[in-house]
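Biologist: Please take a close look at one part of this model, the pairing of charged side chains. Then set it against the chain as a whole.

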Amino acid sequence: MNREQLISRLARPAAYDIAIIGGGATGLGVALDAAARGFSVVLVESHDFAKGTSSRATKLVHGGVRYLAQGNIALVREALHERTTLLNNAPHIAQPLPFVMPSYRFWETPFYGAGLKMYDALAGSAGLGATEFLDRKQTQTCLPTIRADGLKGGVKYWDGQFNDARLALALARTAASKGALLVNYCPAISLIHEQGKVAGLTCMDSETRIQYDLHARCVINAAGVWVDEFRQKDGEAIGRPVRPMVAPSQGVHIVVDREFLPGEHALMVPKTEDGRVLFGVPWLGKVILGTTDTPRDDLSREPRPFKDELEFIMSESARYLVRPPAREHIKSMWVGLRPLVKPQGDDGEDTKALSREHTVLASHSGLVTVTGGKWTTYRAMAEDVLEKCFEKRLLERSPSGVTANLKLTGAENLPDELPPLSAPPGLHSYGGEAAFVGSLEGAERELAGGLTEAMVRFAARYEYARTVEDVLARRSRLLFLDAKLAASISAATGDILRQETGIDPQVEAFDQLASLYLTLPG
């Protein structure tokens with residue numbers, strides 16, 4: 001993961017099978033699948049891996065209960081299958097989680113229970129546990145702080161949760177172990193066309209400003225909500241204008257202490273006042289409350305919540321929790337943009353009605369674009385992308401399924417029992433690499449929130465980290481858990497990074513970012 005070595009490889013003249021734009025869940029999934037099949041792969045990411053949408057999920061590995069309510073059986077069935085595959089391949093960062101849906105009307109338990117029984121049936125042998133009908137007392141046992149007034153009972157069902165940014169890193173490192181070249185902070189700035197066909201891309205190392213031409217038989221545009229930028233570049237180059245295919249929607253999450261929802265069960269409200277879903281998820285020692293679904297017409301790298309979104313989460317939480325969190329209890333607040341796919345000609349105003357399924361298409365020049373979908377189905381999306389490459393004869397066909405049982409980095413040599421993902425982070429978060437991380441210099445010196453000096457060194461040496469934000473937002477999740485605490489150790493983290501990388505770790509920029517995660521709208 002040495003930066004100089006990565007850039008040296010990037011500079012060598014080469015003809016790759018596949019060049020990928022975008023280092024989020026989709027791009028990294030494609031890189032791993034392609035490299036595991038023996039293709040030569042290069043991937044460039046404009047910022048850090050999972051900097052965008054892929055580190056800002058609700059942290060759920062799920063089939064999608066609300067998609068079942070919409071009648072999208074195929075999407076749910078695929079997601080349930082992929083859910084179990086992911087939990088098996090990365091058990092240190094993806095685990096089962098029980099959910100409880102409380103009932104305050106007499107019809108809710110049988111109604112939602114029947115739907116969740118169908119959810120179990122669709123999962124089949126890939127199920128994580130049977131749905132159970134709970135009485136009032138059992139519901140309160142699972143959710144100790146649930147509002148008792150009017151409580152009839154509840155339904156308990158199983159899904160999964162994960163550490164999204166660390167899963168992205170595991171994908172990147174596993175792909176690298178298979179021979180793929182992945183470089184963060186190296187944006188694609190243009191496409192290379194030869195005789196009307198895409199033949200590669202030009203990228204630029206953000207640290208040196210040096211540009212590199214990467215030639216490839218197949219170029220994959222996996223830039224998430226930003227895919228239309230490269231589709232537009234491609235269309236202009238071949239004289240074929242394109243219509244935008246992404247209608248961004250933002251999801252807001254707030255983080256509070258566990259005292260507001262103690263225990264090991266997540267809260268799921270299937271239908272809020274405006275028809276959305278509300279989750280209360282125990283995660284890494286805190287509780288995540290969310291999410292919203294609000295259209296946006298801009299593509300900010302750091303989108304901020306709207307006042308009514310925050311009020312929605314707070315007011316809905318107050319309807320279900322005995323002691324609802326107030327604004328002053330918020331430890332961190334973050335927003336993710338979803339790349340929802342709209343039919344050509346659709347104005348994309350109602351994002352709840354747009355497709356959550358992924359879309360893969362190839363342009364007249366051969367540029368393959370993938371967007372939409374969700375984290376849970378990243379592996380299936382990657383297989384569909386490569387299938388499109390075969391279909392368009394950009395690559396020779398190769399059998400699929402190579403990643404179905406491929407353990408990700410950190411998933412080998414695990415102890416018999418792992419702490420749940422609801423537990424505070426620590427050395428166990430590294431899975432089979434915990435002992436090695438613990439052997440590095442500074443393992444006994446904790447900075448804060450379970451993060452040690454050794455973990456910072458490991459992030460710089462083996463996890464592509466370049467800045468304080470890389471470490472405190474994504475290698476550690478401290479920014480997402482407690483922004484004030486993260487800011488308090490930014491300087492110390494920066495000092496260690498400077499020793500490891502020799503470059504400016506951008507402490508001041510991180511401090512400004514951390515203040516945003518605490519700045520409440522309105």
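Modeller: In this predicted model, Lys-286 and Asp-257 form a salt bridge whose closest N and O atoms are 2.6 Å apart. The pair links distant parts of the chain, with Lys-286 in strand 14 (residues 286–290) and Asp-257 in strand 11 (residues 246–257), 29 residues apart. The cut-off for buried is under 20% relative accessible area. Lys-286 is therefore buried, with a relative accessible area of 16%, whereas Asp-257 counts as partly exposed because its relative accessibility is 22%.

A further salt bridge joins Arg-338 to Asp-293, and here the closest N and O atoms are 3.8 Å apart. This pair also links distant parts of the chain: Arg-338 lies in strand 16 (residues 332–341), and Asp-293 in the loop between strand 14 and strand 15 (294–295), 45 residues apart. Arg-338 and Asp-293 are both buried.

Next comes the pair formed by Arg-475 and Asp-48. Their salt bridge has its closest N and O atoms 2.4 Å apart. Arg-475 belongs to helix 13 (residues 468–475), while Asp-48 sits in the loop between strand 2 (41–44) and strand 3 (60–61), so that the pair links parts of the chain 427 residues apart. Arg-475 is buried, as is Asp-48.

Arg-475 and Asp-48 also belong to a network of salt bridges, in which they are linked with Lys-51, Arg-56, Glu-302, Glu-469, Asp-470 and Arg-474. Side chains of opposite charge can pair when their charged atoms come close. Glu-469, Asp-470, Arg-474 and Arg-475 are among the buried residues of helix 13.

Lys-388 is found in helix 10 (residues 378–391). Lys-388 counts as buried because its relative accessibility is 16%. Leaving aside neighbours within four places in sequence, Lys-388 is in contact with Val-360, Leu-361, Ala-362 and Val-368.

Now for the chain as a whole. The count of salt bridges comes to 38. Of the 522 residues, 60% are buried. The accessible surface comes to about 20000 Å², with 51% of it belonging to carbon and sulfur atoms.

The secondary structure comprises 17 helices and 20 strands. The radius of gyration is 22 Å, close to the 24 Å that the globule rule gives for 522 residues, so the chain is as compact as a globular protein of that length. Along the principal axes, the C-alpha atoms fill a box of roughly 70 × 55 × 50 Å. Among contacts between residues at least 6 apart in sequence, 72% join residues at least 24 apart.

Methods
Residues numbered from 1 in each chain as written. Predicted model: local features only at pLDDT ≥ 70, side-chain atom pairs only at ≥ 80, totals over all residues. Heavy atoms only, no water. Helix = DSSP H or I, 4+ residues; strand = E, 2+ residues; numbered from the N terminus. Rg over C-alpha atoms; globule rule 2.2 N^0.38 Å. Buried < 20%, exposed > 50% of the residue type's maximum accessible area, 1.4 Å probe, protein only. Contact = heavy atoms within 4.5 Å. Areas by Shrake-Rupley, 256 points an atom, 1.4 Å probe, with all protein chains shown as cover. Salt bridge = Lys/Arg side-chain N within 4 Å of Asp/Glu carboxyl O.
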